[in-house]
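Student: I would like to learn how to read helix packing and a few local features. Please take me through them one at a time.

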Amino acid sequence: MAQFSLAELEKIINQRAHSGDPESWTAKLFAKGIDKAAQKLGEEAVETVIAAVRNDKKALVSESADLIYHWLVVLGIAGVPLSDVLKELETRTGRSGIAEKASRQDRG
Ligand SMILES: N=c1c2ncn([C@@H]3O[C@H](COP(=O)(O)OP(=O)(O)OP(=O)(O)O)[C@@H](O)[C@H]3O)c2ncn1[C@@H]1O[C@H](COP(=O)(O)O)[C@@H](O)[C@H]1O
C-alpha cells in the first residue's frame with residue numbers, strides 16, 4: 001500500500017470543510033472557527049505529551065494522529081497551506097547541510 005501523506009489529509013480536510021455534511025467533524029470545526037479549533041489543537045497537544053511521558057506508545061500513536069489532524073484543520077482555517085510549513089522546514093535543513101548529507105548516505 002502506498003504511504004498515506006499529510007498532503008492527502010490536507011486535501012480531505014479542505015474537501016470536508018465545505019461539504020455541508022452535518023456529520024463532518026471537520027465541517028463543524030471550520031464553522032466554529034479558529035478559537036475552537038486552536039483550543040482542540042492545544043488539548044490534543046497536551047494528550048500527546050501525557051502519552052509520551054507515560055511511555056504509552058499506543059496512546060502516543062493515536063494522540064499524535066489527533067494532533068496532526070487538528071493542526072492541519074487550524075492551518076486550513078488560518079489559510080496557511082501545508083506546503084508553506086514544509087518549505088520552512090526545508091529551508092532549515094539547508095542551514096545545516098544535513099539534508100544533503102542524508103541524501104548522499106541514501107545513495108550509498
Ligand atoms: N483524522 C481525523 C480525525 N482525528 C480525530 N478526529 C475527530 O476529532 C474529534 C475530537 O476528538 P476528541 O477525542 O476530543 O472527541 P470529543 O471528546 O468527542 O470532542 P469534544 O467533546 O472535546 O468537543 C473526534 O470526533 C474525532 O473523531 C478526526 N476527524 C476526522 N479526521 C479525518 O478527516 C476526515 C473527514 O472527517 P469528517 O470531517 O468527520 O467527515 C476523516 O476521514 C479522517 O481522515
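Student: At what angle do helix 1 and helix 2 pack?

Tutor: Two packed helices are described by the angle between their axes and the distance between the axes. In this predicted model, the angle between helix 1 and helix 2 is about 70°, and their axes are 8 Å apart. Angles of 65 to 115 degrees count as roughly perpendicular, so helix 1 and helix 2 are roughly perpendicular to each other.

Student: Is the crossing of helix 1 and helix 2 left-handed or right-handed?

Tutor: Helix 1 and helix 2 cross in a right-handed sense. On the helix 1 side the contact consists of I13, R16 and A17, which meet T26, A27 and F30 of helix 2. Sorted by class, this contact of helix 1 with helix 2 has four nonpolar residues, one polar and one charged.

Student: How do helix 3 and helix 4 cross?

Tutor: Take the angle and the distance again. The axes of helix 3 (residues 34-53) and helix 4 (residues 57-78) come within 8 Å, crossing at roughly 160°. Angles over 145 degrees count as roughly antiparallel, and helix 3 and helix 4 are therefore roughly antiparallel to each other. The crossing of helix 3 past helix 4 is left-handed.

Student: Which residues of helix 3 meet helix 4?

Tutor: From helix 3 they are I34, A37, A38, K40, L41, E44, A45, E47, T48, A51 and A52. Their partners in helix 4 include L60, L67, W71, V74 and I77. The residues of this contact between helix 3 and helix 4 divide into 15 nonpolar, three polar and five charged.

Student: Which residues surround the ligand?

Tutor: List the shell, then trace its residues back to their elements. The ligand is surrounded by I12, I13, R16, S24, W25, T26, A27, D66 and Y69. Two or more residues of this shell come from each of helix 1 (6-17), helix 2 (25-32) and helix 4. By class, the shell around the ligand holds five nonpolar, two polar and two charged residues. I13, R16, T26 and A27 of this shell also take part in the contact of helix 1 with helix 2.

Notes. Residues are numbered from 1 along each chain as its sequence is written. This is a predicted model: local features need pLDDT of at least 70, side-chain atom pairs count only at pLDDT 80 or more; totals for chains, interfaces and linings use all residues. Axes are lines fitted to C-alpha atoms, for helices over the stretch in contact, and angles run from 0 to 180 degrees between N-to-C directions. Helices (H or I, at least four residues) and strands (E, at least two) are DSSP runs, numbered from the N terminus. Angles under 35 degrees count as roughly parallel, over 145 as roughly antiparallel, 65 to 115 as roughly perpendicular and the rest as oblique. A crossing is left-handed if the near helix is turned anticlockwise from the far one by less than a right angle, and right-handed if clockwise. Two residues are in contact if their C-beta atoms, placed from the backbone, lie within 7 Å. Ala, Val, Leu, Ile, Met, Phe, Trp, Tyr, Cys and Pro count as nonpolar, Asp, Glu, Lys and Arg as charged, and the others, Gly among them, as polar. A residue is near a molecule or strand if its C-beta atom, placed from the backbone, lies within 6 Å of it.
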